[in-house]
Every structure is written in C-alpha cells, then in structure tokens.
Amino acid sequence: MTPVPPLPASMNPFVDAALPGLYVHVPFCLSKCAYCDFYSIPDGTLIPDWLAALEKEAGFYQDRFGLFDTFYLGGGTPSLLDLPQIASLMKGLRRHFTFSPDTEVTLEANPDDLTAEKVKLYQDLGVNRLSLGVQSIHDRELAFLGRRHNVRQTVAALEAARAAGFVNLSLDLIYGLPGQSLEDWRKTLVQAVTFDPEHISCYQLTYEPGTPLGRKKVRGEVIPATEEEERDFFLFTSRFLEERGYLHYEISNFARLAEPRKDATPTLTLPPQGGGNPSVASLPNNAQFLANEEFCPGLINNQESFYRKLETENRKPHYSRHNRKYWNHTPYLGLGPGAHSFQNGVRWWNTPSVEQYCRELAQGRTPVADREILSEEQLRLEVLFLGLRTREGVSLDLLRQVPGWEKTLHNLKKEGLLEVHQNRAAPTRQGFLLADGLPLQFMDEGMGEDDIYYALETSAKIPHLSF
Ligand code: SF4
C-alpha cells in the first residue's frame with residue numbers, strides 16, 4: 001500500500017481557498033441495480049468491520065483535515081444502515097473531526113429504506129439534506145432499471161421526510177431509457193416538481209461495461225437512445241426545469257431558487273401499477289413534441305436572466321454545496337473503500353475492496369491504493385474542464401494563458417455555446433451539450449500528449465461527474 005501522500009508546499013494556484021468537504025462511502029447495497037457500476041457489495045455482514053475500519057481511517061486524517069463545512073454520506077446505500085449503525089458512524093467521525101455550525105450534511109437514501117423513525121433519527125444526528133434515489137415515477141421503468149423500490153414507496157419517503165421537517169431534499173432521476181418518450185419523461189418531471197424538491201439531478205442512462213444493462217446492450221437486447229434523442233431529452237429537461245424555477249447550474253444538476261411553498265403537500269398522481277416493457281414501448285415523434293408549446297410553455301432561452309434574477313432578488317439557489325467542492329476544485333477527503341480525496345494538488349484513492357480496506361486498517365495501515373501529484377498544467381486543465389461543466393464557468397484569466405484564446409472565445413460566443421458574464425466564460429445550455437468538447441478548444445496546441453490524455457480522463461477521476 002502507498003503511504004498517505006505528503007503535502008507539497010504549493011497550493012493549487014487556480015482556485016480560492018475554502019473549507020474542505022468530507023465524503024464517506026458506504027459500500028453496501030441490498031441488491032445491484034441493472035445500470036450501476038459504483039462500488040458496493042450486497043453483503044451486510046461486513047458492516048461492523050467496515051465501521052471499525054472507518055473510524056481508524058478517520059484517525060489518520062484528523063490533523064490534516066481538521067474542519068469541514070460539508071459532509072456527504074454516499075454509496076452504495078447509506079440508508080441501509082440501521083439506526084445504531086448510523087449513530088455510531090456519526091459519533092465516530094465527530095471524535096476525529098470538527099464540523100462548522102452551518103455544515104451541509106447530506107445522506108443518500110433509497111426510498112424503500114425511509115421510515116418516519118429513520119428520518120427523525122437522521123435529523124437528530126444533524127443530517128439536514130436527503131438525496132433520494134427516485135430515478136423514475138413509473139413502476140415499469142423502475143423495474144427495468146432493477147431498482148428495488150416502487151413509486152408508492154417514493155411518495156411515502158418524500159412525505160416522511162417533509163413531515164419530519166426536512167427542508168432540503170434532492171431527487172436523482174434518470175432519463176433516456178430504451179423506448180422512453182419525452183412524454184414519459186415529462187410526466188416524471190411533472191411529478192417530481194410537485195414535491196418542490198430543493199434540488200434535482202437528472203442523469204442520462206449509461207450502459208457501463210460489466211453491468212447487466214451493459215451486457216444487454218452488447219447482446220442487442222436493448223436499443224439505447226440515439227444521440228439525437230439524448231440531445232432532445234437534455235434540452236427538454238433544462239428548459240422544463242428552468243421554466244419552473246430551477247437553475248441549471250451544472251450539466252446534470254438543478255437548484256431551486258424559490259423558498260418552499262408553505263402548503264407543500266404532495267399531490268402526486270400515482271400511475272397505474274405494472275404493465276409494459278419500456279424497451280418495446282412505441283417511440284413518439286420527439287421533434288413534434290418539442291415544438292409543442294403546450295408541453296413547455298414560455299421557454300427560458302436566455303440563462304442570463306437567472307443571474308439577473310439572483311442579483312436583483314438576492315436569492316441563493318439550493319446548490320449541493322458538497323458537490324460544488326468537486327467542481328470548484330476545493331479540497332475534499334473521501335473515506336471508505338474506493339473513495340477519492342484531493343488536497344493541495346494531490347489526488348489519492350482507496351482500495352475498492354471492503355475486505356482489503358478492513359484488513360489494511362486492522363493492521364494499522366492506510367487503505368490508499370494509489371495517488372497522483374498534479375503538475376501545474378494538469379491543475380489548470382482540471383479547473384478548465386470542471387469549470388466549463390458549470391454555469392459559473394471559468395475566469396477569463398485562466399483562458400488568457402492559451403495562445404489565440406480571444407479568437408476561440410469569440411467563435412464560441414458567436415455559435416451560442418459560451419457567454420461572458422462578470423469576467424467569466426460559462427457554457428450556455430447548448431454549450432452544456434458539448435460537455436468536454438468546450439475545454440478542448442482552450443488547450444494549448446503545444447501541450448504534451450500526457451497532459452491531453454490526462455485532461456480527457458479527468459471525468460473518470462472526479463466524484464459526481466457524469467453525463
Ligand atoms: S444505483 Fe445505488 S442503490 Fe443501486 S446498486 Fe448502485 S449504489 Fe446501490
């Protein structure tokens with residue numbers, strides 16, 4: 001095992017200092033979803049060993065990372081832990097770390113795990129944000145994705161969370177299922193916003209090698225959405241949610257601007273149970289659908305309006321403060337099997353095996369599998385790649401370091417892919433569609449192959465990047 005990396009003297013010169021975030025990976029799930037390639041095992045017998053190992057790992061870092069202002073309990077399925085286990089985990093971490101009074105504490109939950117008793121305990125333990133893996137509001141789509149919950153359980157979980165007083169809820173949703181129409185997806189979005197969640201993440205379904213869905217794709221048993229359909233889903237989602245007060249602030253993420261309605265009683269209309277295989281559902285004419293104002297009235301085409309609104313009304317969107325640390329290149333510590341960390345230009349990651357993780361820590365060693373020390377050029381590229389996935393964009397000073405940047409910027413503005421606001425260049429909605437294509441435009445032609453390869457691999461190394 002590689003020892004815990006040393007701290008180099010130089011700080012990342014491209015970003016402001018900010019308090020770090022803490023991530024804990026809970027590597028357990030009751031069963032694997034058909035599309036998922038996150039590290040988790042369906043064997044809860046190792047939970048006690050993992051809890052003991054986790055506290056030991058925290059001990060290695062208590063001097064290096066003293067104070068956090070975000071804490072994200074992700075996985076895997078954190079809501080799988082029973083009440084004494086989750087209480088012991090939080091207590092163990094508090095023995096080693098300090099959390100600022102305004103810490104955002106997020107817990108990822110599966111809807112079928114949430115009971116009134118559990119959400120109450122989460123609150124008592126300081127959890128103030130729940131991220132729910134809702135994915136769809138159609139039972140047949142949930143079954144296709146291999147999720148173990150149904151729509152009724154989602155409704156019950158959201159009701160329990162609101163009843164317990166949670167005022168910061170995030171919903172994860174997936175679009176682009178085989179045969180899914182924009183109308184199917186619109187219904188999911190309509191139902192999702194009924195709950196006024198403070199935050200929504202919308203991910204395009206991907207077919208990862210080695211997953212059941214990935215294998216089905218190879219065997220030709222499912223027909224993935226075409227690039228054109230993916231584009232339609234993406235643009236529709238962005239317009240639909242922005243029209244309803246959600247700022248599209250990162251490629252897959254939306255933060256609500258307004259405060260929750262006082263009468264935020266869920267009025268979800270339950271769809272009929274069962275029936276139909278989404279892979280054989282008929283495809284609608286999406287182009288016609290998109291053109292139909294009835295489905296998306298008064299589209300907001302100019303995202304600048306959101307920023308003016310924020311400035312004049314002095315309102316702060318319900319961002320995921322923790323995930324913004326990844327995108328803003330702020331330091332973070334990841335504990336648990338497979339977790340990644342980043343501080344002072346060094347990235348390191350743990351072994352992705354629960355057994356090995358527990359073994360190393362039981363023997364007094366850190367479970368770090370490897371690390372990389374980023375060169376100044378690599379740091380610059382990461383800030384560029386991460387920044388151009390967000391509506392905050394990147395500082396023009398960063399672009400100025402590339403010969404010919406003004407012409408490139410001018411062309412991208414002309415094509416409607418980038419806009420400049422307060423000395424920063426940020427992607428437009430159309431620009432988001434290019435994902436990593438935009439930063440490639442600002443890479444120095446004289447750059448070494450290693451750096452270009454590094455930049456292209458960036459999204460595989462940073463947590464919570466997907467598209
Ligand atoms: S999607 Fe979430 S719940 Fe499903 S297997 Fe992956 S980590 Fe577990």
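**Exercise 1. Find where P178 sits, and work out why P178 counts as buried.**

Step 1: P178 lies in the loop that runs between strand 5 (169-175) and helix 6 (182-194). Helices here are DSSP runs of H or I with at least four residues, strands are E runs of at least two, and both are numbered from the N terminus.

Step 2: count neighbours. A residue is buried if 20 or more other C-beta atoms lie within 10 Å of its own, exposed if 12 or fewer, and partly exposed in between, with C-beta atoms placed from the backbone. P178 has 21 C-beta neighbours inside 10 Å, so P178 counts as buried.

Step 3: look across the chain. T226 is 48 residues away from P178 along the chain, yet their C-alpha atoms are separated by 9.4 Å.

A quick word on the model before going on. It is a predicted model, in which local features need pLDDT of at least 70 and side-chain atom pairs count only at pLDDT 80 or more, while totals for chains, interfaces and linings use all residues. Residues are numbered from 1 along each chain as its sequence is written.

**Exercise 2. List what surrounds the ligand, then follow F38 and G76.**

Step 1: name the shell. C29, K32, C33, C36, F38, S40, G75, G76, T77, N110 and G133 surround the ligand. A residue is near a molecule if its C-beta atom, placed from the backbone, lies within 6 Å of it.

Step 2: sort by class. The shell has four nonpolar, six polar and one charged residues. Here Ala, Val, Leu, Ile, Met, Phe, Trp, Tyr, Cys and Pro count as nonpolar, Asp, Glu, Lys and Arg as charged, and the others, Gly among them, as polar.

Step 3: check F38. F38 is in the loop between strand 1 (21-26) and helix 1 (47-61), and is partly exposed because 16 other C-beta atoms lie within 10 Å. G338 is 300 residues from F38 in sequence, but 9.2 Å away C-alpha to C-alpha.

Step 4: check G76. G76 is in the loop between strand 2 (67-75) and helix 2 (83-96). The peptide bond joining G75 and G76 is cis, with omega about 25°.

**Exercise 3. Compare the backbone at Q135 and N344.**

Step 1: recall the background. Most residues other than glycine have a negative phi, and most peptide bonds are trans.

Step 2: take Q135. Phi of Q135 is positive, near 70°. Q135 is in strand 4 (residues 129-135) and counts as buried, with 25 C-beta neighbours inside 10 Å.

Step 3: take N344. N344 has a positive phi of about 50°. N344 is in the loop between strand 10 (340-343) and strand 11 (346-350), and is partly exposed, with 16 other C-beta atoms within 10 Å.

**Exercise 4. Work out the strand order in the three-stranded open sheet and find its edges.**

Step 1: read the order. The sheet runs 13-15-14, with antiparallel pairing. Two strands pair if DSSP finds at least two bridges between them.

Step 2: find the edges. Strand 13 (394-395) and strand 14 (418-421) each have a single partner strand, so one side of each is left without a neighbour in the sheet.

Step 3: Strand 14 pairs with strand 15 (residues 424-427) over four bridges, and A425 in strand 15 is the bridge partner of V420. Helix 15 (residues 405-414) packs on the sheet, touching strand 14 and strand 15.

Conventions: Two residues are in contact if their C-beta atoms, placed from the backbone, lie within 7 Å. Axes are lines fitted to C-alpha atoms, for helices over the stretch in contact, and angles run from 0 to 180 degrees between N-to-C directions.
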